[in-house]
Amino acid sequence: MAFPILSIIVFTPLAAGLLLLLVPGEKQNEIRVAALGAAAFTLLLSIFVYFGYDEGVGGYQFVEKYGWLPQLGVSYYVGVDGLNAPLVLLTGIVMFTGVLISWKIDDRPREFFAFLFILATGVFGVFVALDLFMLFFFYEIAVFPMYLLIAIWGWKVTREYAAMKLTLYLFIGSVIALVGALGMYFASGLGTFDMIALEQANFSPGFQAWAFPMVFMGFAVLGGLFPFHNWSPVGHVAAPTAVSMFHAGVLMKLGAFAALRVGMMLLPQGAQMWMPVVLFLALINVVYGAFIAMVQTDFKYVIGYSSVSHMGLVMFGLASMSRTGFVGAGMQMFSHGVMTALFFAAVGMVYDRAHTREIPKLGGIAKNLPVVAVTFIIGGLVSMGMPGFSGFVAEFPIFMGVWGGGSSPINTNWNFAAWVMPLIAIIAAISIVVTASYIIRIIRKVFFGEMPAEFEGHITSISALDKVALIFLATILILLGIFPSLMVPMVESGVENVLRLFGGA
Amino acid sequence: MILAVLPELLLLVLAGLVLVFDMLWKDEAAKRNLGWLTAGGTLLILLVSWGAARPVGDPGPLWGGMIRHDWLGFVFKSIAIFGAGITALFAMDTESLGKKGEFYILLLTSTIGMAFMASSADLIMLFLAIETTSIPLYVLAGFSKADDKSTEAGFKYLLFGAMTSSVMLYGFSLLYGFAGTTDLYALAQGLASGALAGPAVAVAGLMVLVGFGFKVSMVPFHFWTPDVYEGSPTPVTGFLSTASKAAGFAVLIRFMLAAFPGVGGSGMEATLGIMLAVFAAFTMTLGNTIALVQNNIKRLLAYSSIAHAGYILIGVVAATKLGVTSAVFYLIAYLFTNLAAFGVVSIVGRAVGSDEVTAYSGLSRRSSGLSLAMLVAFLSLAGVPPLGGFVAKVWVFAAAMNANMIWLAIVGVLNAIVGVYYYLIVLKYVYLYRSDDEDKAIKISRPDALALGILTLGILLIGTIFAPWWGFADAAAAALF
């Protein structure tokens, strides 16, 4: 038997979390070091998986399969392909940096890290799951710790409201998706939750027509798709920094990924029928999210809504139903994850010192926090889709994919006029300008300009650990921008898998 | 033959032992050890029964057709005995219960009744078993003589119980009148051959349902539940909400599916099935909605337990093998979960002297172990993995979809969302809110810690390694299909 590396990745955080709960609560430093150790170990393993994946061979690798509830065809079945290997890496990165920047949490850090790690286990589990039941199992594990993390350690003003709103939104989405998925299980007649087997189930078009929206929309709630995006900025803002990073960086990808993995890949005809609707909704996400971000005055809300806009791009790429669009969506999931983790880390560091997030009240932070300023600017360039940064590698193919989506071979169900898709792409491209405007405004107002007198002496420099986290994230964004070949071929090999299911090579 | 009633016989022996030691140990402090005796004894009974008395094949009717020795009965017997053992542990340090021999004897007597409920296959035996279960429970509910609420609970439980029992008994006698037999399986043959038909039989079936519905707190026979749950000593409430409810479901499942095997099909019995489905929908919805506005944790859990009866009923009305399996699995998961929930309530109630939800403020700072047990129990009730409640809920909804009752699955799913809301509210008090007493640690006694440990571990095991538990539930369902 091969080395069960994926299982180790999935269960290391859980084991670490449970062990932490056994440590006496007063030993805060030991708890932090242990948490960092576990996170670093997980990160190393996920790097190993990422580089160990052979995209020349393609398909699912590092596969493990054990019977879980054999009577009903539930199995513990994991594997990575070109689409989820980057996401596993992303989770490892965000988890590691999240622990780094949470060093100074001193209210029950033991419980904080334990819940954060249980959440991480859920996220890893969903990304590597090849069994539908297992996917739901880990999906719910990923959702619930959020409630406690936000409600206990969040921003005092909105945390209770935000935590409950987020949990209910996500739970409603997941149970709706669950009904659709159970429908798939029974309709397939195969008596298995094995997604590889279900891909071959040939569901009738009538079934796909009603099951697809349930499954896709159910998961898309977590992906932040309009009009179900409302929980997300509220949740981002209320969450403590590391949780915002996890939440926007990884958790929202969970929704988009599951919508792709379960919705589109298992119900391709349903996807073909419903994609125009998704395309339209994602367009609203992209443009409306950007405009809402522009008018916010709270630093963290700006980033929260920018996540809505950027996650809209992922959905937009998926909805283009084209190879380029899919590749772009896959890249955007990773790129946005790292970028937004960087943003939230930076926001958290500014807020911890200035005790306000009102953009008009801030200023001149760059003088005291140069690393934060530089890395934030790098993140800003990524989010504008500037060439040379990972955002370009991700966003450009998405727009291209939508532009040419009308003639994509797998777009069998649409008969738009030839100008419709390019027009949609152009409308969406407005968001780039808007993004640039709010990012530049933040950079100018928050990081440069006059520092208000009351901040003098308060803006203490950040710790070495914080710097490591920020620089680590920024480096990845630049590396990926300069060497897209580090990831693009892998995502392409994963997209092949998806295209095969749509009958287009 | 003897093996079929081995658990009951051993329970009787244990009850006798408790009686003897109650006489021998004059000292109050020593009488607390009766709890260890009861808990240890039930553990031993479970081990012996699983080692020697597991049902093999289908031996058919035993003891003159009174009893079936099948997995359906065996699983429910085990549930009742386990529940009794844990309840004894929780009771040990409860003031009004722990040092009284009568308490343990009544508990065991009631358990004997439940064991017989699980396996009886004859109307007469069924009625005897139900009464053997209920009468000690009436006394247990009113056991705290100094507490008016407890007295009220006992009396109310008695009145409601007697009323529904008599309606049920009338139903039994009507069925006997129509069929000329009290054997459940002979009734089934009569129904299948068409010898028994007509609205009158359906009415008789409905009257029987009143009795069972009362035991499982199905709407509209649930009115006793909140008052009795609130007033009874908390360990007794835990016992009522798990073992007693499971026993009620055991007879409901056997009666509905053995005697009225057509509930899933068409015709008169199907009407009964549809009625039960509607009851299930109302039970879930009403339980969850009213639980939303409760301030007392015992009342909240009472309404939640009504809601859970609704979820379990989904599995029963699906009337398929998957449905019954999922219902039995749900009851196993619910046994661990709700015992743990009431266990925590009992310990906290004793420490802070209140059962108000607000009394839970700052609990996580007073005892992190207790809060963790509460977190596990409440999230399991909400249906969160990796806890037992998740798998259980998924499969009852799956069973409804499999039986083409998608509407019922959707009602269930919506209810699950409502449930999440109020369980999380309670956890918010535990983990988020502060209180003035938060620096006063809560001490957990040894039996309480042991019981909570077993239950928490059990909830996790059911939720992660579910195949063996599903196997038991499946074997139980196989006895009917």
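Modeller: Happy to! Let's take B:Ala153: leaving aside its neighbours within four places in sequence, B:Ala153 is in contact with B:Ala141, B:Gly142, B:Asp227, B:Val228, B:Gly231 and B:Ser232. Two residues are in contact here if their C-beta atoms, placed from the backbone, lie within 7 Å. Please keep in mind that this is a predicted model, where local features need pLDDT of at least 70 and side-chain atom pairs count only at pLDDT 80 or more, while totals for chains, interfaces and linings use all residues. Residues are numbered from 1 along each chain as its sequence is written, and chains are lettered from A and ligands numbered from 1 in the order in which they are written.

B:Ala153 sits in helix α7 of chain B, residues 148–179; helices are DSSP runs of H or I with at least four residues, strands are runs of E with at least two, and both are numbered from the N terminus. B:Ala153 counts as buried because it has 28 C-beta neighbours inside 10 Å (buried means 20 or more other C-beta atoms within 10 Å of the residue's own, exposed 12 or fewer, partly exposed in between, with C-beta atoms placed from the backbone). B:Phe329, by contrast, is 176 residues from B:Ala153 in sequence and 30 Å from it in space, C-alpha to C-alpha.

Now for the chain around this residue. Chain B has 20 helices and two strands, and 62% of its 481 residues count as buried. Among contacts in chain B with a separation of 6 or more, 79% join residues 24 or more positions apart.
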